[in-house]
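Subject: Structure for you to look at

Hello,

Here is the structure I said I would pass on. Please open it first, and then read the notes below alongside it.

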Number of protein chains: 2
Amino acid sequence: METVTEHTATAWLSEDEQRAWRIHLDVSRLLMYQLERDLQAFGLTNNDYEILVNLSEAEDRRLRMSDLARSTLQSKSRLSHQITRMESSGLVRRENCESDRRGLYAVLTEHGWETMRQVAPRHVASVRAHFIDLIPPESLAAYHEALRPVADHLRTERTK
Amino acid sequence: METVTEHTATAWLSEDEQRAWRIHLDVSRLLMYQLERDLQAFGLTNNDYEILVNLSEAEDRRLRMSDLARSTLQSKSRLSHQITRMESSGLVRRENCESDRRGLYAVLTEHGWETMRQVAPRHVASVRAHFIDLIPPESLAAYHEALRPVADHLRTERTK
């Protein structure tokens with residue numbers, strides 16, 4: 001069978017590189033899939049949860065929409081749809097800040113905060129069961145070390 | 001400031017665990033974001049590319065829709081929308097198999113195959129530049145080893 005990797009001068013991945021890349025992709029996808037499945041019990045998606053985390057850790061539990069878009073890697077229009085859905089579930093509300101002309105904010109509601117208090121321990125248990133507890137402690141440190149230059153590079157690229 | 005991690009008996013992550021988890025999340029998201037940015041030059045999304053890879057590696061460059069949904073972790077309805085979009089760009093077509101009652105297939109078109117031949121080398125160059133070449137070879141092997149039990153576990157969970 002002809003394959004796309006034939007007859008080219010491309011620096012295709014070696015077997016070891018291919019294995020590392022494949023497992024990165026598989027774990028990323030499968031883990032997001034599994035965590036979302038676990039969050040469904042609370043009526044939340046991974047995107048919802050990420051926004052709840054960001055807001056619950058922010059000062060006064062509020063963030064400017066543009067900052068929230070940046071930290072969740074979403075376009076402003078996609079985030080706006082997302083926030084509309086979360087508003088209708090009562091988890092967040094939009095607020096204009098009169099003293100700040102740049103300021104449309106997303107604010108965590110009391111219901112959003114209570115939801116986080118309830119869901120966060122369950123979510124951490126999922127992260128443990130499906131990721132952290134499956135990796136020996138000494139490998140965890142090596143894992144972080146291996147990915148640090150990748151994370152630094154990608155953060156720099158993103159601001160270009 | 002009150003935080004959600006206070007006053008609970010939950011097994012929260014240690015500092016090392018938190019760092020490993022954070023960097024996994026950051027790299028996963030930033031990398032998908034960067035790779036999609038690189039694919040945009042060819043009018044493709046990460047999801048499009050994943051489907052093209054799956055079809056181009058399949059026998060006769062075709063897969064049953066239900067198998068394609070399984071291997072890309074998408075719901076059948078979401079995959080169906082995706083395939084409709086890719087049909088209108090001429091990358092794939094749907095085909096019924098008369099001898100197989102289960103059989104609605106997605107088939108790579110000649111244009112889809114030519115697109116893969118053109119894009120695949122550029123995509124591999126992106127994967128190198130933003131991931132593989134930033135990790136020393138000896139760490140790549142350790143990376144694969146560390147994630148293997150996670151991947152095995154998640155594949156088992158998925159079939160439950």
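Helices here are DSSP runs of H or I with at least four residues, and they are numbered from the N terminus. By that naming, A:His130 is found in helix H5 of chain A, which covers residues 110-130. Please keep in mind that this is a predicted model.

How the two chains are arranged

Chain A is superposed on chain B by a rotation of 180 degrees, with 0.0 Å of shift along the axis and an RMSD of 0.0 Å. The two copies are thus related as by a two-fold rotation axis. Of the interface residues of chain A, 100% are also interface residues in chain B, so the copies meet through the same surface.

A:His130

Is A:His130 buried or exposed? With a relative accessible area of 7%, A:His130 is buried, because the limit for that word is under 20%. The side chain of A:His130 has a polar contact of 3.1 Å with the side chain of A:Asp38. Another polar contact, of 2.8 Å, joins the side chain of A:His130 to that of B:His153 in the other chain. Leaving aside residues up to four places away in sequence, A:His130 touches A:Leu31, A:Gln34 and A:Asp38 in chain A, and B:Val150, B:His153, B:Leu154 and B:Glu157 in chain B.

B:Ser28

B:Ser28 belongs to helix H1 of chain B. Its relative accessibility is 9%, which counts as buried. Which residues does B:Ser28 touch, not counting those up to four places away in sequence? They are A:His24 and A:Ser28.

B:Tyr49

B:Tyr49 sits in helix H2 of chain B, residues 46-57. B:Tyr49 is buried as well, at a relative accessible area of 9%. Its contacts, again without residues up to four places away in sequence, are B:Leu39, B:Met116, B:Val119, B:Ala120 and B:His123. B:Leu39 is 10 residues from B:Tyr49 along the chain, and the C-alpha atoms of the two are separated by 8.2 Å.

The cavity

Rolling a probe the size of a water molecule over the atoms shows where empty space is left. Counting cavities of 30 Å³ or more gives 1. About 30 Å³ of space lies in the largest cavity. Its lining is made up of A:Leu140, A:Ala141 and A:His144 from chain A, with B:Asp16, B:Arg19 and B:Ala20 from chain B. By type, the lining residues are 3 nonpolar, 1 polar and 2 charged.

Two backbone angles to look at

Most residues other than glycine have a negative phi. A:Arg61 is not a glycine, yet has a positive phi of about 55 degrees. A:Arg61 is in the loop between helix H2 (46-57) and strand E1 (62-64) of chain A, and is partly exposed at a relative accessible area of 21%. In chain B, phi of B:Asp60 is near 55 degrees, also a positive value in a residue other than glycine. B:Asp60 is in the loop between H2 and strand E1 (62-64) of chain B. With a relative accessibility of 57%, B:Asp60 counts as exposed, because the limit for that word is over 50%.

Regards

Note on methods: Residues numbered from 1 in each chain as written. Chains lettered and ligands numbered in written order. Predicted model: local features only at pLDDT ≥ 70, side-chain atom pairs only at ≥ 80, totals over all residues. Heavy atoms only, no water. Least-squares fit on C-alpha atoms with pLDDT ≥ 70 in both. Contact = heavy atoms within 4.5 Å. 1 Å grid on protein atoms, 1.4 Å probe; cavity = no way out; pocket = protein on both sides within 12 Å on 5 of 7 lines; lining within 4 Å. Points joined across faces, edges and corners; volume = space filled by probe spheres on them. Nonpolar A, V, L, I, M, F, W, Y, C, P; charged D, E, K, R; others polar. Helix = DSSP H or I, 4+ residues; strand = E, 2+ residues; numbered from the N terminus. Buried < 20%, exposed > 50% of the residue type's maximum accessible area, 1.4 Å probe, protein only. Polar contact = N/O pair within 3.5 Å; in protein donor to acceptor, adjacent residues only side chain to side chain.
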